[in-house]
Amino acid sequence: MTEAIRATHSRLSLKLQIAGIDNPRLDVRLLIAAATERDPQDILLHDSQILSSQEISRVEAYVERRRCGEPVSRITGEREFWGLRYRLSAGTLDPRPDSETLVSASLSMMFQKANPPESILDVGTGTGCLLLSLMTEWPEARGVGIDIELDAVLTARQNASLLKTANQPTFLVGDWLSSLSDRYDVIISNPPYVSSSEIDNLQREVMFFDPRRALDGGLDGLTAYRQLIPECRDHLAIGGLLVLEVGAGQDRDVKKLLSAAGLEKIEVHPDLSGHIRCITSWAP
Ligand SMILES: C[S@@+](CC[C@H](N)C(=O)[O-])C[C@H]1O[C@@H](n2cnc3c(N)ncnc32)[C@H](O)[C@@H]1O
């Protein structure tokens with residue numbers, strides 16, 4: 001069987017709509033593009049093109065996975081973040097658009113300084129999206145990303161070579177900052193911050209497809225911050241910037257931990273929905 005893109009798109013969008021999936025037309029467009037190695041734009045512009053029976057089978061298999069709740073990014077194995085494409089793997093979090101707030105906050109905070117940072121450390125790097133996005137903005141900087149998951153470190157290395165940043169970063173396996181001795185001008189981190197009891201109530205797209213270690217922040221969601229913040233303080237250069245993502249309602253507790261560690265000029269930064277998503281602070 002062959003079919004025009006337009007017909008496949010309508011037929012499969014209806015299938016997702018009936019299954020209660022949000023944005024079915026967009027999802028099917030992205031899945032057709034991935035399954036047939038076309039640009040998503042071409043799916044709209046050239047919708048009279050005929051798909052072969054093999055292409056249709058591939059698209060149908062992708063749409064079936066979507067119908068069962070798998071996110072589009074997990075099916076295609078890719079996610080766009082800060083305008084760049086990142087590969088995902090089983091050991092990486094699927095980067096969230098809200099985490100772009102950390103990149104924009106880093107840029108606006110460092111704008112106050114005479115010079116861009118010479119060194120950046122990303123703790124709990126996952127796909128490497130925070131570090132690599134900053135390294136495209138500050139191409140002279142030396143970058144280090146660390147994660148406890150070997151699979152995440154291998155994926156971040158692959159993303160770095162695909163993105164061809166001017167300086168290639170170093171990605172290491174490690175438990176927070178315990179294996180590091182250098183100091184950094186910027187330390188950025190999106191640690192796991194969902195309380196253990198909340199994890200099982202998350203959307204199925206998060207619960208089944210993101211690794212638990214990327215989400216689980218312990219009993220009250222703050223376990224990683226308690227360990228990370230003093231370690232970050234000890235690895236910041238004089239006048240260095242710490243940029244942390246926080247979950248809903250965690251800003252007051254995280255601010256207290258930052259003050260207790262001796263960090264200064266603590267500021268919060270909202271995401272595009274107006275929720276506090278990021279906290280910055282400076283080493284004295
Ligand atoms: C919320 S994810 C953030 C991933 C990525 N930075 C992002 O924003 O998409 C947290 C990351 O911390 C890592 N992680 C968890 N415990 C860790 C530890 N003890 N030391 C280092 N990394 C850890 C997880 O493997 C995961 O990649």
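This is a predicted model: local features need pLDDT of at least 70, side-chain atom pairs count only at pLDDT 80 or more; totals for chains, interfaces and linings use all residues.
Residues are numbered from 1 along each chain as its sequence is written.

Back to the residue. Glutamate 245 belongs to strand S9. Helices (H or I, at least four residues) and strands (E, at least two) are DSSP runs, numbered from the N terminus. Leaving out residues up to four places away in sequence, glutamate 245 touches Ser99, Leu102, Asn190, Arg277 and Cys278. Contact here requires the C-beta atoms of two residues, placed from the backbone, to lie within 7 Å. Isoleucine 120 is 125 residues from glutamate 245 in sequence, and their C-alpha atoms are 16 Å apart.

Now the whole chain. It has 13 helices and eleven strands. Its radius of gyration is 21 Å, close to the 19 Å from the globule rule for 284 residues, so the chain is as compact as a globular protein of that length. The radius is taken over C-alpha atoms, and the rule is 2.2 Å times the number of residues to the power 0.38. Along the principal axes, the C-alpha atoms fill a box of roughly 65 × 40 × 35 Å. Of the 284 residues, 42% are buried. Among contacts between residues at least 6 apart in sequence, 67% join residues at least 24 apart.

Next, the sheet. In what order do its strands lie? The order is S7-S6-S5-S8-S9-S11-S10, seven strands in an open sheet with mixed pairing. Two strands pair if DSSP finds at least two bridges between them. At the edges are strand S7 (170-173) and strand S10 (264-270), each pairing on one side only. On average, and with direction ignored, neighbouring strands are turned by 15° against each other.

Helix H6 (residues 100-110) packs on this sheet, touching strand S8 (184-189), strand S9 (236-245), S10 and S11, and its direction makes about 150° with that of S9. Axes are lines fitted to C-alpha atoms, for helices over the stretch in contact, and angles run from 0 to 180 degrees between N-to-C directions. Is H6 largely enclosed or open? H6 is largely enclosed by the rest of the structure, because eight of its eleven residues are buried. Among those buried residues are Leu102, Val103 and Met109. The cover over them includes strand S3 (78-81), H7, S8, S9, S10 and S11.

Glutamate 267 stands opposite threonine 280 in S11, and glutamate 264 faces tryptophan 282. The two strands make a hairpin with five residues between them, and glycine 274 in the turn has a positive phi of about 90°.

Elsewhere in the sheet, S5 and S6 pair in the parallel sense over five bridges, with serine 119 opposite arginine 142 in S6. Four of the five residues of strand S5 (residues 119-123) are buried, so S5 is largely enclosed by the rest of the structure.

On to the ligand. Which residues are closest to the ligand? Of the 21 residues around it, the closest are Gly124, Gly126, Ile148, Asn190 and Ala214. The test is a C-beta atom, placed from the backbone, within 6 Å of the molecule. Two or more shell residues each come from helix H7 (129-137), strand S6 (142-147) and helix H11 (212-215). The shell divides into eleven nonpolar, six polar and four charged residues. Ala, Val, Leu, Ile, Met, Phe, Trp, Tyr, Cys and Pro count as nonpolar, Asp, Glu, Lys and Arg as charged, and the others, Gly among them, as polar.

Tyrosine 86, in strand S4 (residues 84-87), counts as buried because it has 26 C-beta neighbours inside 10 Å. Its contacts beyond four places in sequence include Phe81, Pro95 and Asn159. Glycine 20, in the loop between helix H1 (5-18) and helix H2 (24-36), counts as exposed because it has 8 such neighbours. The C-alpha atoms of glycine 20 and arginine 67 are separated by 8.5 Å, at 47 residues apart along the chain.

Notes:
A residue is buried if 20 or more other C-beta atoms lie within 10 Å of its own, exposed if 12 or fewer, and partly exposed in between; C-beta atoms are placed from the backbone.
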